[in-house]
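Q: Could you take a close look at one part of this chain with me? I'm new to this, so please keep it plain.

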Amino acid sequence: MHKFTAIFLCFIALPSFANTLICQGQLRNKSINADLLVEKKCILDNAQINGNIEIKPHGSLVLKRSQVSGNIQANAYFSGIQIEETRVAGNIQLAAGREILLKRNQVEGEIDLQNNLGTIQLEHNRSQALLCVHNRIAPLGAHNQAPSKVAQCQTL
């Protein structure tokens with residue numbers, strides 16, 4: 001009886017893994033109907049991501065001229081994130097990583113940058129809120145539009 005239960009549980013769990021893709025290398029002009037997991041270097045140009053993007057420790061993301069229907073999130077030790085001319089339906093939450101460049105993006109939610117160690121550049125972004133807290137180097141940039149700008153983001 002125990003063997004049947006174990007096999008049955010694995011079979012049920014498989015579909016949840018099918019909706020997550022690991023992104024390594026470059027993708028251009030693609031539509032992706034899944035969440036993306038960035039473990040190393042991922043470059044996306046003119047992509048439509050119908051899901052979330054998660055950057056794992058030591059991962060890096062370059063995302064240009066794209067659309068993301070969910071959130072973009074990194075929680076620790078990412079090496080670099082560059083997002084340009086991209087529309088994000090959710091939030092961008094980046095914490096405890098290195099280099100960040102956000103330029104000419106439209107974010108329907110918040111941009112939340114906390115406890116990052118490297119340089120942060122924010123230029124010409126639109127979002128509901130800019131939250132920058134406890135970053136080692138205060139973010140630089142200008143012409144960002146948000147009804148709420150908090151802490152280190154106040155002057156951006």
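A: Buried residues make up 38% of the 156 residues in the protein chain; "buried" means under 20% relative accessible area, "exposed" over 50% and "partly exposed" in between, using a 1.4 Å probe and protein chains only. This is a predicted model, where local features need pLDDT of at least 70, side-chain atom pairs count only at pLDDT 80 or more, and totals for chains, interfaces and linings use all residues. Residues are numbered from 1 along each chain as its sequence is written, and side-chain values use heavy atoms, with hydrogens and water left out.

Let's zoom in on N105. It sits in the loop between strand 12 and strand 13 (106-107); strands (E, at least two residues) are DSSP runs, numbered from the N terminus. N105 counts as buried because its relative accessibility is 3%. What does N105 touch, leaving aside its neighbours within four places in sequence? The list is I83, E84, E85, T86, H124, N125 and R126, where contact means heavy atoms within 4.5 Å.

Two of those partners deserve a second look. A polar atom of the N105 side chain lies 2.9 Å from the backbone nitrogen of T86. The side chain of N105 also makes a polar contact with the side chain of N125, at 3.0 Å. A polar contact is a pair of N or O atoms within 3.5 Å; within protein, one must be able to donate a hydrogen and the other to accept it, and residues adjacent in sequence count only if both atoms are side-chain atoms.

Key. Helices (H or I, at least four residues) and strands (E, at least two) are DSSP runs, numbered from the N terminus.
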